[in-house]
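The sequence and the structure come before the description.

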Number of protein chains: 2
Amino acid sequence: MQNSTIVLFFHSPMPPLDVPLNRKLTRKSALRLSVTRTLQKGQQTKQAIVEAALGLASQIGLEGLSIGVLAEATQMSKSGVFAHFGSREELQISVVREYFSRFEQEVFYPALNEPRGLPRVKALFSNWMKRVAVELQSGCIFISGAVEFDDRDGPVRDALADSVQTWLQALNRALQQAKECGHLRPDTNESQMAFEIHGLILALHYEARFLKIHDSIARANRGFDNILARYQ
Amino acid sequence: MQNSTIVLFFHSPMPPLDVPLNRKLTRKSALRLSVTRTLQKGQQTKQAIVEAALGLASQIGLEGLSIGVLAEATQMSKSGVFAHFGSREELQISVVREYFSRFEQEVFYPALNEPRGLPRVKALFSNWMKRVAVELQSGCIFISGAVEFDDRDGPVRDALADSVQTWLQALNRALQQAKECGHLRPDTNESQMAFEIHGLILALHYEARFLKIHDSIARANRGFDNILARYQ
């Protein structure tokens, strides 16, 4: 029996391409593969829920998310969604983490391809601007979430604040490197500089998205040049 | 009968101090006074509801306001609140107007006592900072409201956006005057300057209120000095 052949049928809509279908397997390896598949499918489902939650959160806010709302949006049962997250808070935190992970991939990592110093600082700002430009349509969880959670404590607020702090610290480090490289004046206060740059991004989001002022992107870019000129 | 005396009893908890109680009046003047009193009392009640709504809106947002919530907060009947506002939207707009009126009184009007030019610009910023410092505890409707209403049209969004635009235009005018007075360089772009100043206020609110970074007020003040230095 140990070497009997078992034919596996995969129900996952998109099985990974590296495992051929209908492959002949021993029972033991089949069992292992079956468990792996179940876990993978579970991960895929969880990822699909987070994806839907991310889209919803940018429209209705993190506070608008609930197991019920997500069940409706993903056409799953409440208990199905609950099995993946366990609580509304856990769902909200997963969304914050996913949002931050995408932010890192779009804004932070590509800038590491640029040389240390001012080229990297400019790439960070430019990538941040590109992301904000997209979010002028969809909204930004770091901004709307700050308004939702600025008057309460708890793990969701902490996850959100930690993400923003991590990003601002990365910006600070890049500015510090630019100072070390001699691209910025030795008396540059990089925390001050990061604060002023953060202000430009917030003003862009506010004036373009809420007030619908069309040249806000140009103003933010000009503001960045003004800040750099002061510290060079 | 025309000159018969009528004794009026005021039920308002705080009658104005300029009219003595139990004053003897003619019927005609008594009727006029009675109508005035009713209107005044109506105004007082409406004002008390707006006051309660303003406090609530800074905690739960403009979107959290409803006739029902206000009735509970003011211990009035829903129909009583409804009699003064007629709709949730009208209530929200009244709150925006009241908020703006206070903003004007605290930030804008006192600055008019300063001479035109840089002294007035500095007073506007300083008064704005004082107000934001208070709102680090209570929240700011111009900021939270922008997040609530940035993805929808309608009279509440318009009232909110008009208020902020009016304020930003006043700031722009003060900067323009400073340029005309020769306090700022002739090539100063006052819209750009106002955008950058707005960014400082938004960064202060975000970093102090949400991230709880303690030296944000100093950073905003330093940022303002940096902006001024660039354009002088």
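The text below covers a predicted model, beginning with the contact between the chains.

**The interface**

Chain A and chain B bury about 3,700 Å² between them, and 62% of this area lies on carbon and sulfur atoms. The contact draws 42 residues from chain A and 42 residues from chain B. On the chain A side, Phe195(A), Tyr206(A) and Phe210(A) supply 21% of the area buried against chain B, more than any other three residues.

Two salt bridges are counted between chain A and chain B. Arg209(B) forms a salt bridge with Asp150(A), with the closest N and O atoms 2.8 Å apart.

**Helix packing**

| Helix pair | Angle | Axis distance |
|---|---|---|
| α8(A) and α8(B) | about 105° | 7 Å apart |
| α8(A) and α9(B) | about 80° | 10 Å apart |
| α1(B) and α4(B) | roughly 85° | within 9 Å |

Helix α8 of chain A and helix α8 of chain B, the latter spanning residues 190–210, pack at about 105°. That angle makes α8(A) roughly perpendicular to α8(B). From α8(A), the residues in this contact include Phe195(A), His198(A), Leu202(A) and Tyr206(A), and those from α8(B) include Phe195(B), His198(B), Leu202(B) and Tyr206(B). By class, the contact of α8(A) with α8(B) has 12 nonpolar, four polar and four charged residues.

Helix α8 (residues 190–210) of chain A also packs against helix α9 (residues 216–231) of chain B, at an angle of about 80°. Here α8(A) is roughly perpendicular to α9(B). Ser191(A), Gln192(A), Phe195(A) and Glu196(A) of α8(A) make the contact with Ser216(B), Arg219(B), Ala220(B), Arg222(B), Gly223(B) and Asn226(B) of α9(B). The residues of this contact divide into two nonpolar, five polar and three charged.

Within chain B, helix α1 (residues 27–60) and helix α4 (residues 88–111) cross at roughly 85°. This makes α1(B) roughly perpendicular to α4(B). Among the residues that meet are Ile49(B), Val50(B), Ala53(B) and Leu54(B) in α1(B), and Leu91(B), Val95(B) and Tyr99(B) in α4(B). The contact of α1(B) with α4(B) comprises eight nonpolar, two polar and three charged residues.

Helix α7 (residues 155–180) of chain B has 26 residues. From its first C-alpha to its last, α7(B) reaches 36 Å, close to the 38 Å expected at 1.5 Å a residue. Gly182(B), which follows α7(B), has a positive phi near 80°.

Over all chains, the structure holds 28 salt bridges. One of the pairs is Lys179(A) with Glu190(A), whose closest N and O atoms are 3.0 Å apart.

Note on methods: Residues numbered from 1 in each chain as written. Chains lettered and ligands numbered in written order. Predicted model: local features only at pLDDT ≥ 70, side-chain atom pairs only at ≥ 80, totals over all residues. Heavy atoms only, no water. Axes fitted to C-alpha atoms, helices over the stretch in contact; angles between N-to-C directions. Helix = DSSP H or I, 4+ residues; strand = E, 2+ residues; numbered from the N terminus. Parallel < 35°, antiparallel > 145°, perpendicular 65-115°, else oblique. Contact = heavy atoms within 4.5 Å. Nonpolar A, V, L, I, M, F, W, Y, C, P; charged D, E, K, R; others polar. Expected span 1.5 Å × (residues − 1). Buried area = accessible area lost by both parts, 1.4 Å probe. Salt bridge = Lys/Arg side-chain N within 4 Å of Asp/Glu carboxyl O.
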